[in-house]
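Let's walk through a structure together, one feature at a time. Bring your questions, and we will take each in turn.

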Amino acid sequence: MESLPAGTPMHAKSNVPGDELLADLNPAQREATSAPAGPLLILAGAGSGKTRVLTRRIAWLIRRQGVPAQRILAVTFTNRAAGEMRERVESLLGQSVRGLWIGTFHAICLRWLKRHAPAAGYGPQLSVCDAEDQLSLLRRLLKEEGFDHSPRRARELQAIISRAKNRSQTAEQFQEAARSPAQMLAGRLYRAYQDALRRQSAADFDDLLLETHRLFSGHPEIADAYARQFEHVLVDEYQDTNHVQFLLVERLARVHGNILVVGDDDQSIYGWRGAEVRNILDFREHFPQATIFYLEQNYRSTRPILEFANAAIAVNAGRYAKQLWTERPGGGLPEFFLAADEDEEAEEVAARAVAARERGGRRYRDLAVFYRTHAQSRALEDAFLRRGIPYVIVGGIYFYARREVKDLLSYLRVLVNPRDETSLRRALTVPRRGIGERTLEALLAEIREQDADALEWIRARAPEGVPARARAALAAFGEMMAALRARLAEPPERILSEVVAATGYREYLREQGGDWEERLANVEELLESARLFTSRDEGGVAEYLDQVSLMTSGDALDARADAVTLMTAHNAKGLEFPQVFVTGLEEGLFPHASALEDREELEEERRLFYVACTRAKDELTLSASQIRRRFSSGAGGVSRFLGEVPRGLFRDVSAASLAAPVSSVHRPGRTGRERGAGPGRVGEEDSSAAQDWPAHARDEADHPWVGRRVYHPRFGHGLVTAVEGRGAQARITVRFHGGQTRKVLREYLEWEP
DNA sequence: TAGCCCAAAATTTTT
DNA sequence: TTTTGGGCTA
């Protein structure tokens, strides 16, 4: 004791700051969390607590190592994950960590590009264009050059460009490397596309990464400043990073060398998007000093579920061999059932959901249903609607990609960035105001030629030879936008509602007819989102647009509602649920048809299946259909993924489940239908389906939702009085407290007990 | 210039 | 089955 240097604390070990952060970790987690600085690779199997380690590590660095929060950069895969991680770190430390840099690669890169806009070659404002904007721009370019400008062709081109960008290949480099005439053509269009974006001071998603990389290469002093700032760089889901992301990470870690990455090669499911599993497999070659930690204890799933998943993924070659294990006892075997068709499959899932709640003591929010493609949600939604089971769809058509939403946002985009031609085109022509194609093209050509501020130009003069009607319309547009621009410093919500009013957008929708009520509801929701943004005081119109552009499907996941979650297997990554259904396990669907020819792609499908199964904590149900109504082909038989797993690891309950009526709404007489109905039989299927259903089942008055209590974020509490339509697009009439009756979209309602 | 009508394509996964 | 785009007409 005497030999202790003066000043060494004598108190118990738990009093050393930071020790409490390690207390409830297992040895491997503890070592990783408290590892000395340097390159660290954490190979974390599914459910092994990787998020836990990541958040503890950040808290450890701050508390134990005294690293200032602003010197830590943490990169996640989704905005939602970023938000959760920040929250967890704050609750661990019991303090706000405002300076901590945490976000997706895309969000962080956008921030940097805007900060260094001149160096990066952008104007003072930067527009982020989504997939739809990309396609319409590409189609316009194809058309101008006199090529086939079908959507299909544009999509091909988009994929080529995206792949090139993910490999960090610029248009010039692509052109140089081009060999075949087809490649040379693609290179030319890539270049034209890039020039157009540049002119508009716009970037697509891939540009956010690639242009940041180029900014760093072209301006080493900027890159060095960040590399010095970030003493520690942490990257989640490293197996899904692409080459450009690797380059960015490597550059940022160059000064301090403290790079920590977490991932699982078995969960790499974004190869199609340019992700390179090699990044994680070769980590030690990139960072020879790297220490590797293995997290193999699974805390999530019961043993039968884990054994099933382990067996499924074991088929893949070219993986880090690892064996996940669990101490969680017992639990039932995963069950599999084969349904006659997709409707029966959905019915069975719905029936099991009801049973889980009524007899299994689960809440609806404990359940999740996964599928390979969005299109599969349809049958499930129908089945859930019939039984009045509340559900939430994650993904699908993004709210912010809806026409009415994009229409209105295009005005804001133009106000913020007048060079954004894509948005200007939209704003000028929707709603229709007497400006046709000729006027539009003449106008845009002039603006381009004069390099003028679009809004100023429009206000000042109309192009030559334009009809009086269009001339007046342009002048009115110019005045309107000038008035709005003068108020741009006001909160986004105010500007947005001004746009709605000034354009007469509500009236326009009503005139359009069709599903105008739905669209109107979306407009109200958009205003609500802007109001929320304003109330959180997160910035002005430009910041609002940034947030909206990078917003993704999962981010809106609302934990308050007690509803079953429906989503694609891709969206399921990083989540967990007590009870999970993996549906549509058929050859050609899961694995998807596009992957059947290629071993690599097939392995990725298998990893996707593995990801889906390992989301389950207590119960896993797998299903397939004998017949699936699709445009091209039917179902291709039960997925090989099931055949590859030893029979003893799951239970086939097809016969039992199909023989017994699930409930009064179970559709009878569909079991014995033979497989492989020809294409001409589809119509018959439908008519027989209609006969099976009593007419009143479709009658809105008889709908199970009628009379239920609901909550709407804007209008408050109310009672359902009628339901029209089905699925996410169902319009529900609600009498709200206070007496007013409104039609609202189902997806914005929450169910109350 | 804009709205209506018909034909044809659509479905892989997302930041 | 639904959605989207192109062509035709007022």
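**Reading the fold, the cores and a pocket**

Among contacts in chain A between residues at least 6 apart in sequence, 73% join residues at least 24 apart. Keep in mind that this is a predicted model.

Q: How many helices and strands does chain A have?
A: Happy to start there: chain A contains 30 helices and 22 strands.

Q: What share of the residues of chain A count as buried?
A: Buried here means under 20% relative accessible area. Of the 753 residues in chain A, 54% count as buried. As for the surface, chain A exposes about 33100 Å², and carbon and sulfur atoms supply 50% of that area.

Q: Which residues have the most contacts inside the largest nonpolar core?
A: A nonpolar core is a set of buried residues such as Leu, Phe and Trp, joined through side-chain atoms within 4.5 Å. In this model the largest one has 63 residues, and those with the most contacts inside it are L73, W112, F216, V235 and I259. Helix 9, spanning residues 181–199, gives the most to this core, with seven residues. Another core, of 48 residues, lies apart from it, and Y400, L474, M480 and I495 are among its members.

Q: Which residues does W112 touch, not counting those up to four places away in sequence?
A: With those set aside, W112 touches L73, W101, T212, F216, Y226, F230 and L252.

Q: How much space lies in the second largest pocket?
A: The general idea is a simple one: rolling a probe the size of a water molecule over the atoms shows where empty space is left. In this model, the second largest pocket holds about 740 Å³ of space. It is lined by 20 residues, of which S136, R140, R425, L440 and E441 are the closest to its centre. The elements giving two or more residues to this lining are helix 6 (131–144), helix 19 and helix 20 (437–450). Helix 6 gives the most to the lining, with seven residues.

Q: Is R425 buried or exposed?
A: R425 counts as buried, because its relative accessibility is 10% and the cut-off for buried is under 20%. R425 is found in helix 19, which covers residues 421–429.

Q: What does the side chain of R425 make a polar contact with?
A: Its partner is the side chain of E441, at 3.0 Å. Both R425 and E441 are among the residues closest to the centre of the second largest pocket. Leaving aside neighbours within four places in sequence, R425 is in contact with R140, L440, E441, L444 and R448.

Terms used: Residues numbered from 1 in each chain as written. Chains lettered and ligands numbered in written order. Predicted model: local features only at pLDDT ≥ 70, side-chain atom pairs only at ≥ 80, totals over all residues. Heavy atoms only, no water. Buried < 20%, exposed > 50% of the residue type's maximum accessible area, 1.4 Å probe, protein only. Helix = DSSP H or I, 4+ residues; strand = E, 2+ residues; numbered from the N terminus. Contact = heavy atoms within 4.5 Å. Polar contact = N/O pair within 3.5 Å; in protein donor to acceptor, adjacent residues only side chain to side chain. Areas by Shrake-Rupley, 256 points an atom, 1.4 Å probe, with all protein chains shown as cover. 1 Å grid on protein atoms, 1.4 Å probe; cavity = no way out; pocket = protein on both sides within 12 Å on 5 of 7 lines; lining within 4 Å. Points joined across faces, edges and corners; volume = space filled by probe spheres on them.
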